[in-house]
Amino acid sequence: MFECIIEKLNAELEVNKLGDYRKFKFVQKQLNSKENAIKFFIEILNYKKWKVNKIVYRIEYEKRLYQIKKNSYLPQ
């Protein structure tokens, strides 16, 4: 299962420059699970657990911030 994801990730990296956040989102989309994406980053890509948790937190923070801004601009 992870071999296919590694091939897709390498193909994507050849075409696009992906930072950690975009790379995590790409893997998460392929695996359809945040937990599996975290496991992939730690076991396969050899990221430290604290770094993966920081990436996940930042993605969730940006998502909440976007929703707050979106909802605050709604017409009354």
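Mentor: A helix here is a DSSP run of H or I that is at least four residues long, with numbering from the N terminus, and in this predicted model Lys 23 is found in one such run, helix α2, which covers residues 20–31.

Trainee: Why is Lys 23 said to have no salt bridge, and which side chain of opposite charge is nearest?

Mentor: The nearest side chain of opposite charge is that of Asp 20, 4.2 Å away; a salt bridge needs a side-chain nitrogen within 4 Å of a carboxyl oxygen, so the pair does not qualify, and Lys 23 is buried without a salt bridge.

Trainee: What does Lys 23 touch, leaving aside residues up to four places away in sequence?

Mentor: With those neighbours left out, Lys 23 touches Leu 9, Leu 18, Phe 41, Leu 45 and Tyr 47. Two of these, Leu 9 and Phe 41, are also listed among the residues that touch the most other members of the largest nonpolar core, a set of 17 residues. The elements that give two or more residues to this core are α1, α2, α3 and α4.

Trainee: What makes Glu 60 and Lys 34 a salt bridge?

Mentor: Their N to O distance is 3.9 Å, and the cut-off is 4 Å, so the pair counts as a salt bridge. Glu 60 lies in helix α4 and Lys 34 in helix α3, 26 residues apart, and the pair thus links distant parts of the chain.

Trainee: Which other residue forms a salt bridge with Glu 60?

Mentor: Glu 60 also forms one with Lys 63, where the closest N and O atoms are 3.9 Å apart, and through shared partners Lys 34, Glu 60 and Lys 63 are joined into one network.

Trainee: How do you know whether Glu 60 is buried, partly exposed or exposed?

Mentor: The relative accessibility of Glu 60 is 25%; buried means under 20% and exposed over 50%, so a value in between is called partly exposed, and that is the class of Glu 60.

Trainee: Why is Asn 32 classed as it is by accessibility, and where is it found?

Mentor: Asn 32 is found in the loop between α2 and α3, and because its relative accessibility is 69%, while exposed means over 50%, Asn 32 counts as exposed. Asn 32 also has a positive phi of about 60 degrees, although it is not a glycine.

Trainee: How do you know the class of Asn 46, in the loop between α3 and α4?

Mentor: The relative accessibility of Asn 46 is 62%, which is set against the limit of over 50%, so Asn 46 counts as exposed.

Notes: Residues numbered from 1 in each chain as written. Predicted model: local features only at pLDDT ≥ 70, side-chain atom pairs only at ≥ 80, totals over all residues. Heavy atoms only, no water. Buried < 20%, exposed > 50% of the residue type's maximum accessible area, 1.4 Å probe, protein only. Lys, Arg positive; Asp, Glu negative; His and termini not counted. Contact = heavy atoms within 4.5 Å. Core = buried A, V, L, I, M, F, W, Y, C linked by side-chain atoms within 4.5 Å.
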